[in-house]
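Work through the exercises below with the coordinates open.

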Amino acid sequence: MKSLLPIALVLIASTAYGIWYQRTRGRVVVKDRKDKAGQITARMIGAELGPRVTVVQFSSAFCTPCRATRALLSDVTAGMDDVKYVEIDAEEQLELVRTLDIRSTPTTLFVDRNGQEVGRAMGAPKRAQVLTAISAIR
Amino acid sequence: MVQNTNNSKIKVTPIIIDARGPRFGAVITSIVLATALATNNVWVIVAQAIVFAIGAIKGPQFTPYAFIFKSLVKPRLKKSGATEDVRPPQFAQTVGLLFALTAAVGSFAGLELVFTIAVGFALAAAFLNAAFNFCLGCEIYLLLLRARSK
């Protein structure tokens, strides 16, 4: 089977996936508010919810963008008294990971004061995307 | 307000390396894997498996590709680049090693299709890393944990 066909197939498929990957990573997807499974409690995340917004980041050890995401979210939320930032090691909270259907790291959840997940970003978000997501929550 | 959760593996002080090293390694790896796929030569994949094994066991900063990066490429780059924890690329090298071993065993057993599919997946991962800065550990590690503990 000395042929260039396998290489061509692999490169075409991975390029298509790669373009989709780069376009979707970091994008904050707004969640349907009626989704009851998205209810997050202080007990689940091991910390009290923020007065207006809680930003919950799921990380893992084998994740390069998790560090950058932690630095960004810490920095953005540091000056906001009504916003709380919590980072969770996904590996240690597999039950929670399954409940919330976290599939990759970093995954960031934007949670309102009632514990309702209103937005979710897979991959490292940009500063503007984080600010927009936080300011959209009342 | 920043609240940190305790003690976990994501918080240990990591070994930090130049992130361009593993990315350069992924470019070379892609070329080697494409060569293996084009020639169907099992010895190319055996050589790559040895490189993967060094990266997986000792660390990605100790592979021959990392040596080429440090001695030939890095001195020619102007600015210092982004850094990263060694563990994500080390994880990717481990996955690469598993695919390379599968391909080699398949080839020695006369299973051409196993060789082609295993090398194809390894090439996809290496190419995605090289071209799109794809993070394999980010995408598959949680899925593996979830599948294992069901």
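**Exercise 1. The interface**

How many residues does the contact take from chain B, and how many from chain A?

Solution. The model is a predicted one.

Step 1. Chain B contributes 43 residues to the contact, and chain A contributes 52 residues.

Step 2. Turn to area. The size of an interface is often given as the accessible area lost when the parts come together. Between chain B and chain A about 4200 Å² is buried, and carbon and sulfur atoms give 62% of that area.

Step 3. Count the specific interactions. There are two salt bridges between chain B and chain A. Eleven residue pairs, both members at pLDDT 80 or more, are in polar contact across the interface.

Step 4. Inspect a salt bridge. Glu139(B) is bridged to Arg25(A), with 2.9 Å between the closest N and O atoms.

**Exercise 2. The layout of chain B**

Solution. 

Step 1. Chain B contains six helices and three strands. Along the sequence they come in the pattern β-β-α-α-α-β-α-α-α.

Step 2. Along the principal axes, the C-alpha atoms of chain B fill a box of roughly 60 × 50 × 25 Å.

Step 3. Of the 150 residues in chain B, 47% are buried.

Step 4. Take the contacts in chain B between residues at least 6 apart in sequence: 77% of them join residues at least 24 apart.

**Exercise 3. Aromatic rings**

Solution. 

Step 1. A pair of aromatic rings is described by the distance of the centres and the angle of the planes. Over all chains, the structure holds eleven aromatic pairs. In the pair of Phe99(B) and Phe121(B), the centres are 5.8 Å apart and the planes make an angle of 15°. Planes under 30 degrees apart count as stacked, so this pair is stacked.

Step 2. Phe99(B) belongs to helix H4 (residues 87–108) of chain B and Phe121(B) to helix H5 (residues 112–132) of chain B, so the pair links parts of the chain 22 residues apart.

Step 3. Compare the accessibilities. Phe99(B) has a relative accessible area of 29% and is partly exposed, whereas Phe121(B), at 52%, is exposed.

Step 4. Find the cluster. Tyr17(A), Trp20(A), Tyr21(A) and Phe134(B) are linked by ring pairs.

Step 5. Find the charge. Lys58(B) has its charged end over the ring of Phe62(B), at 4.5 Å from the ring centre.

**Exercise 4. The surroundings of Gln90(B)**

Is Gln90(B) buried or exposed, and which residues does Gln90(B) touch?

Solution. 

Step 1. Gln90(B) is in helix H4 of chain B.

Step 2. Its relative accessible area is 19%; buried means under 20%, so Gln90(B) is buried.

Step 3. Leaving out residues up to four places away in sequence, Gln90(B) touches Gly55(B), Ala56(B), Ile57(B), Lys58(B), Gly59(B) and Pro60(B).

Step 4. A polar atom of the Gln90(B) side chain lies 3.0 Å from the backbone oxygen of Ala56(B).

**Exercise 5. Backbone geometry**

Where do Asn40(B) and Asn133(B) lie, and what is the phi of Asn40(B) and of Asn133(B)?

Solution. 

Step 1. Asn40(B) lies in the loop between H1 and helix H2 (42–57) of chain B. Its phi is near 60°, a positive value in a residue other than glycine. With 16% relative accessibility, Asn40(B) is buried.

Step 2. Asn133(B) sits in the loop between H5 and H6 of chain B. Phi of Asn133(B) is also positive, near 55°. At 46% relative accessibility, Asn133(B) is partly exposed.

Step 3. The peptide bond that runs from Thr105(A) to Pro106(A) is cis, and omega is near -10°. Pro106(A) is in the loop between helix H4 (94–99) and strand S4 (107–112) of chain A.

Methods: Residues are numbered from 1 along each chain as its sequence is written. Chains are lettered from A and ligands numbered from 1 in the order in which they are written. This is a predicted model: local features need pLDDT of at least 70, side-chain atom pairs count only at pLDDT 80 or more; totals for chains, interfaces and linings use all residues. Side-chain values use heavy atoms; hydrogens and water are left out. Rings of Phe, Tyr and Trp (its six-membered ring) pair if their centres lie within 6.5 Å; planes under 30 degrees apart count as stacked, over 60 as edge-to-face and the rest as tilted. Helices (H or I, at least four residues) and strands (E, at least two) are DSSP runs, numbered from the N terminus. Buried means under 20% relative accessible area, exposed over 50%, partly exposed in between (1.4 Å probe, protein chains only). A charge sits over a ring if NZ of Lys or CZ of Arg is within 6 Å of the ring centre and within 35 degrees of the ring normal. Contact means heavy atoms within 4.5 Å. Buried area is the accessible area (1.4 Å probe) that two parts lose on being put together, summed over both. A salt bridge is a side-chain nitrogen of Lys or Arg within 4 Å of a carboxyl oxygen of Asp or Glu. A polar contact is a pair of N or O atoms within 3.5 Å; within protein, one must be able to donate a hydrogen and the other to accept it, and residues adjacent in sequence count only if both atoms are side-chain atoms.
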